[in-house]
Amino acid sequence: MSQTPAPSPAPAAINRLAIIGVGLIGGSLALSLRQAGYCREIVGAGRDRASLQQAQSLGVIDRFELDICAAVHGADMIVLATPVGAIESVCRALRGCLAESAVLTDVGSVKASVVDAVRIGLGHLPAGFVPAHPIAGRERSGVEAATADLYEGRRVILTPLPESDPQACQAVRRMWEVAGARVEDMPVDHHDEVLAATSHLPHLLAYTLVSSLSRLGEQEEIFRYAAGGFRDFTRIASSDPVMWRDICLHNKEAILGMFKHFARDLELLGEVIDAGDGDRLLSIFQRAKQTRDRFCERPDS
Ligand SMILES: NC(=O)C1=CN([C@@H]2O[C@H](COP(=O)(O)OP(=O)(O)OC[C@H]3O[C@@H](n4cnc5c(N)ncnc54)[C@H](O)[C@@H]3O)[C@@H](O)[C@H]2O)C=CC1
Ligand SMILES: O=C(O)C(=O)Cc1ccc(O)cc1
């Protein structure tokens, strides 16, 4: 009796994936694509041999190179996953090493300055470059924090450029979809304004709150009596300081714009408290509660 042959696995759509900066974000992408069988080979690159060795022993990458140019040799997809302040120097090291047909993308939390850094570093914007930003992460960093399911059901924003080749955009979109993400397009400047409001401002408020409290005299006592609300609000103040320094330096205008908006509201709240205006306080808190409850109820939030 003839047996029905087992269906062969779908062919890997990326032959060689090169990840520059194998930390939380690059490592999680590698793990999810590996789990989906989407890459024939994953090569890591970076500055730190010990962490690349760890990435290899954790099964995140197949092999690594300390020379970035060697890492991208023969790669059809290259992902820049370093802090945004390192993108220009990484691209300088990539000058003359990228194959014409290679797709280049990044994961940076800001986009306009990453586009500038790629243009300056490489000396031009290649048609294969498609900027991207996964709206997923956590307060821990490094490859040891990487997980295969980090992008499951989360959004990834692509900010394609006029120069971006539609086939490269499709390849980057597909890669993130295979990693479980929902992919959307957005103009570069709009991305930086939206993220200044929804991500950068909250992180900077959390850092400032903890930093400010840590300089009060009775520090030990304050933290001893901190309840769950303090933990919830400040979790993101445990995020990587280098990454957030770079985000501040590279999305300055949009962040300062949000600071102004927020500072006005904080000042107003102070005036309302000072005036003992309970009705006004109630209406501010009710509006905030309704907005957050509505947002958190949405199935896609
Ligand atoms: N952590 C998060 O929640 C999110 C981070 N991002 C973005 O992802 C990028 C990476 O962040 P994480 O993975 O969290 O950081 P990470 O610190 O976990 O990983 C960064 C990796 O880049 C390497 N690296 C640093 N400078 C380098 C250089 N000059 N050359 C080569 N390698 C270098 C580090 O050794 C490390 O392996 C950042 O641009 C960040 O803005 C985006 C979404 C979420
Ligand atoms: O830890 C969290 O909740 C985050 O918000 C992580 C995060 C940090 C930076 C990004 O650009 C996107 C997501």
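Helix H5 is followed by Gly 123, whose phi is positive, near 90°; helices here are DSSP runs of H or I with at least four residues, strands are runs of E with at least two, and both are numbered from the N terminus. The model is a predicted one, in which local features need pLDDT of at least 70 and side-chain atom pairs count only at pLDDT 80 or more, whereas totals for chains, interfaces and linings use all residues. Residues are numbered from 1 along each chain as its sequence is written, and chains are lettered from A and ligands numbered from 1 in the order in which they are written.

H5 spans residues 112–122, and its buried residues are Ser 113, Val 114, Val 115, Ala 117, Val 118 and Leu 122. A residue is taken as buried if 20 or more other C-beta atoms lie within 10 Å of its own, as exposed if 12 or fewer do, and as partly exposed in between, with C-beta atoms placed from the backbone. The cover over the buried residues of H5 includes H4, S5, S6, helix H7 (188–214) and H10, where contact requires C-beta atoms, placed from the backbone, within 7 Å.

The chain as a whole contains 12 helices and 9 strands. Its C-alpha trace spans about 80 × 60 × 40 Å along the principal axes. Of its 301 residues, 35% count as buried. Among contacts with a separation of 6 or more, 78% are between residues 24 or more positions apart.

An open sheet of 6 strands has the order S3-S2-S1-S4-S5-S6, with parallel pairing. Its edge strands, S3 (63–65) and S6 (129–130), each pair on one side only. Pairing of two strands requires at least two bridges found by DSSP. Strands S4 (residues 77–80) and S5 (residues 103–106) are joined in the parallel sense by 4 bridges, and Val 79 has Thr 105 as its bridge partner in S5. Helix H6 lies across S1 (14–20), S4, S5 and S6, at about 55° to S5; axes are lines fitted to C-alpha atoms, for helices over the stretch in contact, and angles run from 0 to 180 degrees between N-to-C directions.

A further open sheet consists of 3 strands in the order S7-S8-S9, and its pairing is mixed. Strands S7 (132–134) and S9 (182–185) stand at the edges with a single partner strand each, so one side of each has no neighbour in the sheet. From one strand to the next, the twist averages 20°. S7 and S8 (residues 155–158) pair in the antiparallel sense over 3 bridges; Ala 132 stands opposite Leu 158, and His 133 has Ile 157 as its bridge partner. H6 (residues 166–178) packs on this sheet as well, touching S7, S8 and S9, and its direction makes about 170° with that of S8. Between S8 and S9 the pairing is parallel, over 4 bridges, with Val 156 opposite Val 183.

Nonpolar cores were defined as sets of buried Ala, Val, Leu, Ile, Met, Phe, Trp, Tyr and Cys residues joined through C-beta atoms within 7 Å. The largest comprises 68 residues, and Leu 17, Ala 18, Ile 19 and Ile 20 have the most contacts inside it. Beyond its neighbours within four places in sequence, Ala 18 contacts Val 43, Ala 45, Ala 71, Val 72, Ala 75 and Ile 78.

Ligand 1 is surrounded by 29 residues, the closest being Gly 21, Gly 23, Ile 25, Gly 137 and Ser 141; a residue is assigned to a shell if its C-beta atom, placed from the backbone, lies within 6 Å of the molecule. Helices H1 (24–35), H4 (87–94) and H10 (241–250) each supply at least two residues of this shell, and H1 gives the most, with 3 residues. The shell around ligand 1 divides into 13 nonpolar, 12 polar and 4 charged residues. Here Ala, Val, Leu, Ile, Met, Phe, Trp, Tyr, Cys and Pro count as nonpolar, Asp, Glu, Lys and Arg as charged, and the others, Gly among them, as polar. Ligand 2 is surrounded by Ser 109, Ile 135, Gly 137, Arg 138, Glu 139, Ser 199 and Ile 236, a shell with 2 nonpolar, 3 polar and 2 charged residues.

Note on methods:
Two residues are in contact if their C-beta atoms, placed from the backbone, lie within 7 Å.
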